[in-house]
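Let's take a walk through a protein chain together. Have the picture open while you read, and look up each residue as it comes along.

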Amino acid sequence: MRTSRYLLSTLKENPTEAAVISHRLMLRAGLIRQIASGIYTWLPTGLRVLHKVERIVREEMNRAGAIEVSMPVVQPSELWKESGRYDKYGPELCRLKDRKQNEFVLGPTHEEVITAIARREIKSARQLPLNLYQIQTKFRDEIRPRFGVMRGREFLMKDAYSFHIDHASLEQTYQDMYDAYSRIFTRLGLDFRPVEADTGAIGGNHSHEFQVLADAGEDTIVFSDGSDYAANIEMAETIEVGERPAVGAACSKAATPGCHTVDEAAQALGLDANQVLKSLIVRGERDENGKYELIMCCLKGNQELNEVKAGKVKGLSNPLEFATDEEISAFCGSHPGSLGPVGFKGRILVDRAADKMGNFACGANEDGYHLINVNWDRDVPHYEVCDLRNVEEGDLSPDGKGHLHLRKGIEVGQVFMLGTKYSQAMNAVVMDENGKSIPMEMGCYGIGVTRVIAAAIEQHHDERGIIWPKSMTPFDVSIIAIKPGRCPAVHQAAEDLYAKLEALGIEVLYDDRDERPGVMFADAELIGIPHIITIGEKSLANGELEYKDRRTGIKENVAIADMVAFIQQKLQA
């Protein structure tokens, strides 16, 4: 490809709207351009990378026995109402009507559509197991799109769905997809970890995320230094050891005027923050009349409530809902900064770490006051102990092997065991060996194809631009001709080398612009071309061309006659 006939849309300055490295470099390198909030056009260089990612994904999905289909972005809302997700999915589901006032949605995912296909096309258990996949556009109406394609509204996704006669068959395909994903992300050159994960809005009873380790990640992943245990922080269980301290002096009230946080109360009372109980009020499940109880969740000091784990406690709203200040004041008689379990009239949930506290301080349910020397059982006779908090750096691993460490990650893929959630709701059934009609077991497997590219850039870049993993480079080689219009020998040498490399199927970007050398070098390094060949008048006079390795920065002179073989060897390394 000649730059004179190519849309090379690089930018010299960092875009002000880009908050993370990948977004900044994707804009500067001319991979993408925003057309609306969270919606991007993929320019030629970006599309070349996107196609390479798609090719690897297709190869591994086909290798794993999945079959490609293509489903529509626009989906009838009736299918979502049938599954029960039309109202539950929330505002991220973009709803619209056609000219006949028929209701549709823009598909954020395709469980409903694929289940409708399966119930129509799968006539016999002999057709199972069956795994269907697509690489297709999705739309999720994010409330705050950010970080470029990492959290966009429109994106490209590979989603696969499998159908089974029983759970054992589902488990086998789940493992096949887990293995296929591991091969995909390895081939893409990513440093990743599979971690146990929450199933979220997709549903099901078992899931793993594939997380690319990167400081810009929105997820926190947890892993043990003594085993292969790894999980999203939403799923990581806490393990507590030790005993409560002996019960001390009687509980008493202390004035804490103007104290509304754990740290403020601790300072006023002369205590460490972890000797002050944090009390939060959440809503319980709604009954058939929409009514709910208020429930107190108690944690140790500055530890953080894990809303996903709390939402799974029986009787709590899921997703978790916090009570309003007005509800708290009416029920407890105080504002949120003065809450505590002593005398609380409702259900009390105590985190495992908080359960180990003794002689602690807590809100007195009276503004401007805290209680000190509070103890469980003596002062709070009725409570339930649950796992409510986020794990912290150095916590014991749940498997008893080693300690936990926290890293930021970018989720690029997830696999789910859906079970019969959709097939039962939508009557996707087959006959078993006894002639009984049963709902098919289902699995779901997604990869954020566009997000993979952002994740790769977060891991592979330097101050000059992108350093692509070998499998994702938009071009293999850059040929930079220095002022070819002024030197016929430079022009001819560049043309000859370009023709030879192209004939071998090597992807070349031949920079034939009448530009300053510094501009051409900067563009080649910015967009991440791994092998850069410079053809100039001086080197030609010596019968040589200059080669530069983009990753290492090492330069060397290569004889003109040897350059093609030299590049072939580099590409095979």
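## A helix tucked inside

Start with helix 12, where Val449, Thr450, Arg451, Val452, Ile453, Ala454, Ala455, Ala456, Ile457 and Glu458 are buried. That's 10 of the 11 residues in the helix, which runs over residues 449-459, so helix 12 is largely enclosed by the rest of the structure. Keep in mind that this is a predicted model.

## The whole chain

Now zoom out. The chain holds 16 helices and 30 strands, and its C-alpha trace spans about 95 × 70 × 50 Å along the principal axes. Of its 573 residues, 53% are buried.

Look at the contacts with a separation of 6 or more, too: 69% of them come from residues 24 or more positions apart.

## Two helices packed together

To describe two packed helices, you give the angle between their axes and the distance between those axes. For helix 13 (residues 488-503) and helix 16 (residues 563-572), the angle is about 40° and the axes are 10 Å apart. The two helices are therefore oblique to each other, and helix 13 passes helix 16 in a right-handed crossing.

Who does the touching? Helix 13 brings Leu497, Lys500 and Leu501, while helix 16 brings Met563, Val564 and Ile567. Sorted by class, that contact has five nonpolar residues, one charged residue and no polar ones.

## A buried asparagine

Next, find Asn306 in the loop between strand 15 (294-300) and helix 8 (307-311). Is Asn306 buried or exposed? With a relative accessible area of 3%, Asn306 falls under the 20% cut-off, so it counts as buried.

Its side chain makes a polar contact of 3.0 Å with the side chain of Asn390. Leaving out neighbours within four places in sequence, Asn306 is in contact with Ile233, Glu234, Leu388, Arg389 and Asn390.

Most peptide bonds are trans, and most residues other than glycine have a negative phi. Here are some exceptions. A cis peptide bond links Leu128 to Pro129, with omega about 0°; Pro129 sits in the loop between helix 5 (111-121) and strand 7 (130-139). Another cis bond joins Asn318 and Pro319, with omega about 5°, and Pro319 lies in the loop between helix 8 and helix 9 (325-332).

As for phi, Phe147 isn't a glycine, yet its phi is positive, about 60°. You'll find Phe147 in the loop between strand 7 and strand 8 (154-164), partly exposed at 21% relative accessibility. Lys483 also has a positive phi, near 45°; this residue is in the loop between strand 26 (477-481) and helix 13, and counts as partly exposed at 25% relative accessibility.

Methods:
Residues are numbered from 1 along each chain as its sequence is written. This is a predicted model: local features need pLDDT of at least 70, side-chain atom pairs count only at pLDDT 80 or more; totals for chains, interfaces and linings use all residues. Side-chain values use heavy atoms; hydrogens and water are left out. Helices (H or I, at least four residues) and strands (E, at least two) are DSSP runs, numbered from the N terminus. Buried means under 20% relative accessible area, exposed over 50%, partly exposed in between (1.4 Å probe, protein chains only). A polar contact is a pair of N or O atoms within 3.5 Å; within protein, one must be able to donate a hydrogen and the other to accept it, and residues adjacent in sequence count only if both atoms are side-chain atoms. Contact means heavy atoms within 4.5 Å. Axes are lines fitted to C-alpha atoms, for helices over the stretch in contact, and angles run from 0 to 180 degrees between N-to-C directions. Angles under 35 degrees count as roughly parallel, over 145 as roughly antiparallel, 65 to 115 as roughly perpendicular and the rest as oblique. A crossing is left-handed if the near helix is turned anticlockwise from the far one by less than a right angle, and right-handed if clockwise. Ala, Val, Leu, Ile, Met, Phe, Trp, Tyr, Cys and Pro count as nonpolar, Asp, Glu, Lys and Arg as charged, and the others, Gly among them, as polar.
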